[in-house]
Amino acid sequence: MKTLIGLTVANFKSFTRDRAALFWTFFFPVMFVLLFGVLFSGSGDSKVSVGWVDLDGTRASAGVRDAFNKVPLLKFQTGSLEDQKAAMQRGDVSAVIVIPKGLQDALVGVKTGQKRSTSIELYTDPSKTQTTQVVQGAVAQVLNGMNLALAGGSEAIAVNTLTLTSTNISTVAYLVPSILAMALMQLGIFAAVPLVQQREKGILKRMGATPLERWKLVASNILLRLVIAALDTVLIIGVGMAVFHIQIVGNVLQAAGFVFLGAGAFLSLGFMLASFLKTEEQATGVVQVVQMPLMFLSGIFFPFDFMPEFLRGVARLLPLTYLGDGLRQSMVNATQVAPIALDAVVLAGWLVVCLAISARTFRWE
Amino acid sequence: MTQSGAPVIRVTDLKKHYGDVKAVDGVSFEVARGEVFGMLGPNGAGKTTTIEVLEGLRPPDSGNVEVLGLDVCTHPQSIKQRIGVQLQSVSLYPRLTVTELIDLFGSFFQHHLPTKQLIDAFDLGERAKAYSMNLSGGQQQRLSIALALVNDPELVFLDEPTTGLDPQARRSLWDLVKGLQEQGKSVMLTTHYMEEAAELCNRVAIMDHGRILEMGTVPELIGRRFKERAVFFDTTPKLPAQRLGKLGGVTRAAQEDGQTVLYSNDVPDTIGGLLAMADELSAEPRNLGIRQATLEDVFLDLTGRALRD
């Protein structure tokens, strides 16, 4: 036991004296939290600007505008069609709503039984999926309310509630567990690099010439990484809570379980990589090649539902998807990609399989 | 120095092959307690493989290998407690200090020497707080040997301990090895420096292509092949080889590193003849000298090539 602790302390000292390792383990994820936090919490004005073109200019069109003004997510600027289209080209507004000439006549027609319906034109930018959805949703809500009122014979146009909510808080809350998942993934996979380095330099062989048992060498590596995983977790959540006021509302024990299970699964993946790699240069390269697709295909930075169908299939194969999902469900009660038990089982499966493969193939020199 | 009692190493017909490569191909030798035993040979001769089998780092393919009276295959842990190991060109944890490394390695053993004592003995006091990666080559090598001695071992293995060191660092390491022997420790070392083997070793085994070609004390090895002394000078075409071979006292003529070497059992006769011949042909034998045959000559004679090729 004394040997194991001594070795782990030595490994920990080596780790903390390596600036590159410190950067990737602690600074990089914190930077991610800060960067995404600032991007998505958009300090202050987060309303979507919409251009308003009124070709009718009647009491009816003013009434419609009043209804739209009550939508909290939108703010309007009025102008000619040409001006507003140009503003949309420049990116000053995200959409343009055009009230057609003859709106009032049409409404009167509907009321008097002459069915002359008309339509409002909505210009959107297909490249801005998120804002487009917000605007479309708002327009649909408003018009539904108006149509309903008209059909019911009432003149009152009332919009009371909108189910679209601001995404500010929940985006950061979604991202913090995701970034934690990313950090744990990197922590585990990057463990391959010092291992390959120690083998290449003959350090592992030198240890083999002492009475130190090999299992202690492996155990100290695992212990070291779990300690770092715990520190990383505290740091990332701490920054999220301190800077962006996210709240951990889920099950803390369950979250801690996922932290260690995830660290374990990716650590055994790191061990497995170290079994197949020979030089430090190889290891540094391959580790990047493995972590990049994991990072971007696992739906940790954008909700699963935003992915095209075939990418979702890919994501369902990747362990990081399940770690992210497990952590989000445990920490912020996010909607699930998979049942929480399945998340745990998939991670445990990766852990066992990778560990078994490395146990068979790992070379000490 | 006592050379009594059971040998500390006993190797019988050791074989270790890697695929078709016969790294060690039937090697047998013994090392007595208190002895410094050297294994001499070029790179790839099988020295390191042999020593790593003895250290318990590689299992032998066949043969019997006993270290300190124990079989390496069945008692690796007990052996490792009692031997000291310095591997060829190994770097250590780069970001641990000298003190931390000695502490760490000490913790692997049941019994170990105080760290301070080792730091003083190896003159590492000024660098005690330096990371191992910032040490000079000679300091790293001293640390590496200090780590080999951390458990106060009975038998120390040194694999090419002075390769890559400057002459001064090499000399200071030789003193360390002699000190080990004075403490009653047995040492097995490999080297490809002849003068190192001659300076340090009680007995030497010359190894090439996985086999031991010759074994004995340095004077024995030389005396077995060379009763003569060597007359040498820079080779010049003005002095034809066939006439040199017929000079008085010459038993054999050889070419070595741009020099002509005449092995002679009557040096005055040979030199007289050589100078007369040079005078007659208006040639001058430059850098003329006389020496005893060396291990280098033995190796050349055994293998037909120089050791450092």
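These legends walk through several close-up views of a predicted model. Residues are numbered from 1 along each chain as its sequence is written, with chains lettered from A and ligands numbered from 1 in the order in which they are written. Local features need pLDDT of at least 70, side-chain atom pairs count only at pLDDT 80 or more, and totals for chains, interfaces and linings use all residues, while side-chain values use heavy atoms, leaving out hydrogens and water.

**View 1. Aromatic rings around A:Phe23 and A:Phe28.** Across all chains, a search turns up 14 aromatic pairs (rings of Phe, Tyr and Trp, the last by its six-membered ring, with centres within 6.5 Å; planes under 30 degrees apart are stacked, over 60 edge-to-face, the rest tilted). Here the A:Phe23 and A:Phe28 rings have centres 6.4 Å apart and planes at 45 degrees, so the pair is tilted. A:Phe28 is buried at 12% relative accessibility, while A:Phe23 is partly exposed at 33% (buried is under 20% relative accessible area, exposed over 50%, partly exposed in between, using a 1.4 Å probe and protein chains only).

**View 2. A:Phe362 with A:Trp364 and A:Arg199.** The two rings sit with centres 5.3 Å apart and planes at 80 degrees, so this pair is edge-to-face. A:Phe362 is buried, at 16% relative accessible area. Over its ring sits the charged end of A:Arg199, 5.1 Å from the centre (NZ of Lys or CZ of Arg within 6 Å of the ring centre and within 35 degrees of the ring normal).

**View 3. Helix α8 of chain B and its buried residues.** This helix covers residues 218-225 (helices are DSSP runs of H or I, at least four residues, and strands runs of E, at least two, numbered from the N terminus). B:Val218, B:Leu221 and B:Ile222 are buried here. Looking down the axis, the buried residues of α8(B) fall within an arc of 95 degrees, so they line one face of the helix (the arc is taken from the directions from the helix axis to the C-beta atoms). Their cover includes α7, β9, β10 and α11 of chain B.

**View 4. B:Leu147 in helix α5 of chain B.** With 2% relative accessibility, B:Leu147 counts as buried. Setting aside neighbours within four places in sequence, B:Leu147 is in contact (heavy atoms within 4.5 Å) with A:Arg206, B:Leu92, B:Leu101, B:Ile102 and B:Phe105.
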